[in-house]
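Work through these exercises with the model in view. Try each task before you read its solution.

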Amino acid sequence: IRTIGVAILDFFNPTLSAFLYISILFTLSFYTVPQIKKELNYINKIDSHLAKYDEITDEDLTAQGIKNRKVLEDNLFAKLVSVQKARAKYDYDTLKALCTEKLYNLYISELEMLHETGLDYHFENYQKIESQIYSITSNEKEVTIKLAIKASCISYRLSAEKEVVDGSKDKKTMIIHELTFKKKIETNDIEENCKNCGAPTKRNVTGKCQYCNT
């Protein structure tokens, strides 16, 4: 509306129009520049947090039987999105299937509090920007993978009157997740003979013979 008004005024008084236009730009810059600085500082803080981790090498992943880093990271991110969707939909069954008991109980407490206060949690357009696996370990029972994910999404909470009380419907939020995933190893105690050295060996997560390492 201001821009249209200035454009109309330009036909009658170009000098006054130019003065008003500069005033508008100054007002907008006075508001937006601090906002931009604040957002950049927040992004830099996230990036520095992500940089503190040493990324696991491809050799380390291969030693654990993982052939494709990108596929693994995409799958783990998909699980994160599933958790967030389940939270937004109050889908307790999905949360229980995806989370540890401790994390599940934490989410249930959060959702019950939101329900009691009449708030609804929403998120949309979750996108992965960067991910980094920084730890992978295994034992006879399970494989544990730790990674950090830098992502963006639209996240907000609505009151009972459907008013936004936290977050934004239009503006994306940048966030970093530090996640731990565990997968149980399906093993059996049947001993087989190694095709290379003939030694009796049990199946394991690496797929390598314990004697000749092939």
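**Exercise 1.** In which strand is Asn 125 found?

*Solution.* This is a predicted model: local features need pLDDT of at least 70, side-chain atom pairs count only at pLDDT 80 or more, and totals for chains, interfaces and linings use all residues. Residues are numbered from 1 along each chain as its sequence is written, and side-chain values use heavy atoms, with hydrogens and water left out. Helices (H or I, at least four residues) and strands (E, at least two) are DSSP runs, numbered from the N terminus. Asn 125 sits in strand 1 (residues 120-138). Its phi is positive, near 55°, though the residue is not glycine. Asn 125 is partly exposed, at 42% relative accessible area. Buried means under 20%, exposed over 50%, partly exposed in between (1.4 Å probe, protein chains only).

**Exercise 2.** Which element gives the largest share of the lining of the largest pocket?

*Solution.* Start with the space: the largest pocket holds about 980 Å³. Among its 32 lining residues, Leu 76, Lys 79, Thr 180, Phe 181 and Lys 182 are the closest to the centre. A pocket is an open set of points on a 1 Å grid over the protein atoms alone, where a 1.4 Å probe fits, with protein on both sides within 12 Å along at least five of seven lines; lining residues have an atom within 4 Å of a point. A volume is the space filled by probe spheres set on the points, which are joined across faces, edges and corners. Helix 4 gives the largest share, nine residues.
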